[in-house]
Amino acid sequence: MGITELWLLLSIMLATSAAAAADQQSYIIHMDATKMATTNPQQWYTSIIDTINQLSSINDDQNEASNAAEILYIYKTAISGFSAKLSTRKLHSLSKLPGFLSATPDKLLQLHTTHTPKFLGLQRGHGLWNASNLASDIIIGVIDTGIWPEHISFQDKGLPAVPKKWKGTCQAGPKFSRSNCNKKLIGATAYIKGYETILGRLNTTGTFRSARDSDGHGTHTASTAAGNIVYKASLYNQGMGAATGMRFTSRIAAYKVCWPEGCASTDILAAIDRAVVDGVDVLSLSLGGGDGFFYQDEIAIAAFGAVRNGVFVSCSAGNSGPFMSTVGNVAPWIMTVAASYTDRTFAGSVKLGNGQIFEGSSLHSGNSIGQLPLVYNKTAGGEEANVCTAGSLVPSMVKGKIVVCERGTNSRFEKGEQVKLAGGVGMILINTQLEGEELFADSHVLPAVNLGASAGKAIINYIASSKQPPKASILFEGTRYGSRAPRMAAFSSRGPSFFEPYVIKPDITAPGVNILAAWPPVVSPSELKSDKRRVLFNIISGTSMSCPHVSGIAALLKSAHNNWSPAAIKSALMTTAYVNDNKRSVISDVGRPSGGPADPYAFGSGHVDPEKAVDPGLVYDIEPQDYLNYLCSLNYTSKQVGLVSRGNFSCPSKRNLVQPGDLNYPSFSVSMKNRAKNVTFKRTVTNVGTPTSDYTVKINNPSGIRVSVKPKKLSFRRSGQKLRYQVSFVALGKREGLSDFSFGSLVWVSGKYSVRSPIAVNWE
């Protein structure tokens, strides 16, 4: 279809379309590139929108003419299509054009280290941190809230020239000039068109309409992945040490897509699209997504375009744990990262007037608080005084005392702010049963300590039953090392995924609790406007913090093996992950009663182990076409798969269609629903270790399942050789009264290599 035919077709459609209100919003428009009338996508999409606008004027439609359609972004690699502001009527006309696949309304998504390198086994001058591996030019793209370019973590001293492969730009804007980029921070751009289409023009009070970070999140994640080594870094002397990114010689490209109220999916797509063209090797996204079918998930679609171009994509799993089936970013081509504790804690304790002592967590570095009156709920104020909301505390009841505040309703920092405003001298922040024993080290505006739910219950009972006026003291004990670790964070989102039941998600866990990293000097450590403190480093928690750890480690592996695909890097990270803590017990789960053992729906394949991952022995590789065939096996239509593949796609016939479990994934998710008795999957492994090697299989059978593998031995005679095997899962007996899930593992062993894959069986 040429431009003339396009004009005539749109004329007819607009003339016959029912009258509609000129209600405009932004949409992501997926198009089939094979149906274009020109080889220039920008020309084609622009001509469509121009024609729609011109015909609205010709038809004398005042409402439509005054609300012109407007292209926001044209995508090149993320998807085949564009995003635009459209009225319902114009969208209806557009949907009738040849090549139109779908339109998705834009939406706002939300954002989801001095000690971690040592905890991860990284040592300067050795292994992955040897000079030759750190010398190669690897670019990490961070899609987040922007960056503070002047921070010491992003200085470029000693770095060679910007890599020739870099095609990106340093975008000038308010408080951000092109000279802010250097040989470390080689690119910075801001994407705001989608955000402003949804919420209107940005109110720049307290923020910047440029790549400069006014939130802190993006600066923190960028430095975690690739920040320079900074000695004597700390937060008020807590966590003192050398702060460094996982691959501290990597170049950083910052893409700002998140603003005060969230991150628009059109802007995220534009950033991913641009990053691939710019030449990044790794993309790190610590933000929400992945909450639908893949053909409806814009992050999944854009990530597939990146992976198809050889870019490794790492995303946070989400902070909605410990509830089951809350994990996000679950596409199989994405590395989905959960969060766990390191062995470093920031200790604080409370001693009650009756002698009871409770251990907790605190970042306060000042003097301890001696015995003072202790107040809570009705002894501290009126309605909602138990959760310390604004105006709930009565100064005459609180002044000079320690206040007990329950979690919930408002933020942890806001509670401390309210106690301080009311004249309290300290706060004991107690968890409810919902938060359990999860402890956060927070930089409150007054001396404070966080205690778990069991301690909180005991304190409330003490206050209610004490015959003497209740009192307490708080001891601040500073930074400690050597605690049981790793442990799964309760907040870390869990599987199984409703939309991806055939793959275990999350894929892996990494440090994400109490992580110290770079912070912009315009944001207080508590992020409260009333807090006038300013710091160079801050300690925060979330899967947003664990994700850039894995992004940086993936960059290390990319340096060591520049011919590995994103799937091979992902496989190496997963099959070498460990599942036992430093006390030789299974990794525990803070989200479970009494901190019981975690399972693959919490930690995936286990905790990342960088030095093991660089030499995994075998990898499970996956081609982009394999992912598309997998989507066909999920009963996606060819059109739906085409949305992911960026154009026309035909699924194989049913006879040639693989089953979902045959995707060459490094883990096994087995469904025994509908009374299945026997399930068989196929896998192919590639030898990347010792050229001549024999691997034998070891099985840890899940409860109620017998696992058998054919063959039981794999004999390799050269590097790069591929061998296949099949694994059968046979149900044993009845399941009444037993758990809905059972877990095990399959391990290929050869000398120093143990290539481990978790098994998760879903019975319901």
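What is the torsion about the S-S bond of C632 and C651, and is the disulfide left-handed or right-handed? The torsion is about -85 degrees, so the disulfide is left-handed.

This is a predicted model, in which local features need pLDDT of at least 70 and side-chain atom pairs count only at pLDDT 80 or more, while totals for chains, interfaces and linings use all residues. Residues are numbered from 1 along each chain as its sequence is written, and side-chain values use heavy atoms, with hydrogens and water left out.

**Stop 1: C632 and C651**

Select C632 and C651 and show their sulfur atoms, which are 2.0 Å apart and form a disulfide. The term stands for a pair of cysteine sulfur atoms within 2.5 Å. C632 lies in helix α18 (residues 624-633) and C651 in the loop between α19 (638-645) and β29 (668-671), so the link ties together parts that are 19 residues apart in sequence. Helices (H or I, at least four residues) and strands (E, at least two) are DSSP runs, numbered from the N terminus. C632 counts as buried because its relative accessibility is 3%. C651, with a relative accessible area of 22%, is partly exposed. Buried means under 20% relative accessible area, exposed over 50% and partly exposed in between, with a 1.4 Å probe and protein chains only.

**Stop 2: the other cysteines**

The structure holds four disulfides. With the bonded cysteines of the protein numbered in sequence order, the pairing reads 1-2, 3-4, 5-6, 7-8.

Go next to C258 and C263, which are joined by a disulfide with an S to S distance of 2.1 Å. This link is right-handed, with 105 degrees about the S-S bond, and both C258 and C263 are buried.

Then select C388 and C405, another disulfide, with sulfur atoms 2.0 Å apart. Their link is left-handed, at -90 degrees about the S-S bond. C388 is in the loop between β18 (369-376) and α11 (395-398), and C405 is in strand β19 (residues 402-406); the pair links distant parts of the chain, 17 residues apart. C388 and C405 are buried.

Now select C315 and C547. The closest cysteine sulfur to that of C315 is in C547, 6.1 Å away, which is too far for a bond. C315 is buried, at 1% relative accessibility, and C547 is buried as well, with a relative accessible area of 0%.

**Stop 3**

Centre the view on L573. Leaving aside neighbours within four places in sequence, L573 is in contact (heavy atoms within 4.5 Å) with F312, M335, I508, V550, I553, L557, V608 and A613.

**Stop 4: helix α13**

Finish with residues 453-465, helix α13. The helix has 13 residues and reaches 18 Å from its first C-alpha to its last, close to the 18 Å expected at 1.5 Å a residue. The expected span is 1.5 Å times one less than the number of residues. Colour the buried residues of α13: A453, A455, G456, A458, I459, Y462 and I463.
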